[in-house]
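Please read the points below alongside the structure.

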Amino acid sequence: TRPESPQPGGAFGLAQVQWDAWILQGDAGAATPVLDLLEWTVPAPTGSPVTDPTTTGFNRLAFTTPDLDALHARLVDAGAAVWSAPLPIELDDGSSVRMFVCSDPDGTQIELLEGAGTRMSHVVVNCADIDRSRRYYTDIIGLSAHRSLRTRRQPGTVFGIDGDIELHAELLVDPATGFMVELVEWVHPSATPGRSRRANELGIFRMAWHTEDIANDYDVLVEAGVECYSPPATLDMGPGLPKVRALFWEDPDGACLELIEAG
């Protein structure tokens, strides 16, 4: 998507907006969640991604790969900023999840897990109050509870943390696509308070869903006490692409969420 000229940016919380972006898909194609890589031209990009794994709000993107060790070796050979070797995260039920974390070229945290194919698995949102966030994402957003996880107290090497870590996580699933949101509350060390981020700051800015009735959704959000950046706004996506209507607001920890109505 590449609008040819700047347009009003109130939906993003900005005066004017223009960008150049690519939508990337995994093995299953565009029917499953996709990644929107966006370079701002108006206003210019600013700031830096969240690099502390304990900061509240959007923290990292998680992808699955069919061969975790091969991907780790390929990233190391390419000179990528890989935080550790693939390591198990021990859960309190005796099971474990093998993973590693790396930084993308801008510094955004990327979590890699072993899976059947290459796809975006979930977005990690660190929470100040995980019970509040779980209610928000189930009652207002409409996700379903999938699994509650607690880790054992263990070394924090995989997250680049000196000393031990302990986490409480809630996996929530989108019934339509299977995409998951992982809500994480840091038990040890404690979470680092985050802040609301501007749309043109480098790193993860928003998580978007499609809708067929954005006007009704806006009314539902307002009735629930959600303060949106603006009412639904029409955005030009660029030559050959239909215009869309979009709506932006923040979750309890300042992570920006979006609805898109695309005809």
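1. The model is predicted.

2. Trp186 has an aromatic partner in Phe159. The ring centres of Phe159 and Trp186 are 5.7 Å apart and the planes stand at 75°, so this pair is edge-to-face. The two residues come from distant parts of the chain, 27 residues apart: Phe159 belongs to the loop between strand E11 (154-155) and strand E12 (164-173), while Trp186 belongs to strand E13 (residues 180-188). Phe159 is likewise counted as buried, at 2% relative accessibility.

3. How many aromatic pairs does the structure hold? There are seven aromatic pairs. One of them joins Trp19 and Trp40, whose ring centres are 6.1 Å apart with planes at 70°, so the pair is edge-to-face. Trp19 is in strand E2 and Trp40 in strand E3 (residues 35-42), so the pair ties together parts that lie 21 residues apart in sequence.

4. Are Trp19 and Trp40 buried or exposed? Trp19 is buried, with 3% relative accessibility, and Trp40 is buried at 6% relative accessible area. Both residues also belong to one aromatic cluster, together with Phe12, Tyr229 and Phe248.

5. Trp22 presents another case. This residue is found in strand E2 (residues 16-24), yet Trp22 is exposed because its relative accessible area is 63%, over the 50% limit. With Leu24 and Leu37, Trp22 forms a nonpolar patch on the surface, and together the three have about 340 Å² of accessible area.

Key:
Residues are numbered from 1 along each chain as its sequence is written. This is a predicted model: local features need pLDDT of at least 70, side-chain atom pairs count only at pLDDT 80 or more; totals for chains, interfaces and linings use all residues. Side-chain values use heavy atoms; hydrogens and water are left out. Patches are made of residues with over 30% relative accessible area and no salt bridge: like charges are joined within 9 Å, nonpolar side chains (Val, Leu, Ile, Met, Phe, Trp, Tyr) within 5 Å. Accessible areas come from the Shrake-Rupley method with a 1.4 Å probe; for residues, only the protein chains shown count as cover. A salt bridge is a side-chain nitrogen of Lys or Arg within 4 Å of a carboxyl oxygen of Asp or Glu. Helices (H or I, at least four residues) and strands (E, at least two) are DSSP runs, numbered from the N terminus. Buried means under 20% relative accessible area, exposed over 50%, partly exposed in between (1.4 Å probe, protein chains only). Rings of Phe, Tyr and Trp (its six-membered ring) pair if their centres lie within 6.5 Å; planes under 30 degrees apart count as stacked, over 60 as edge-to-face and the rest as tilted.
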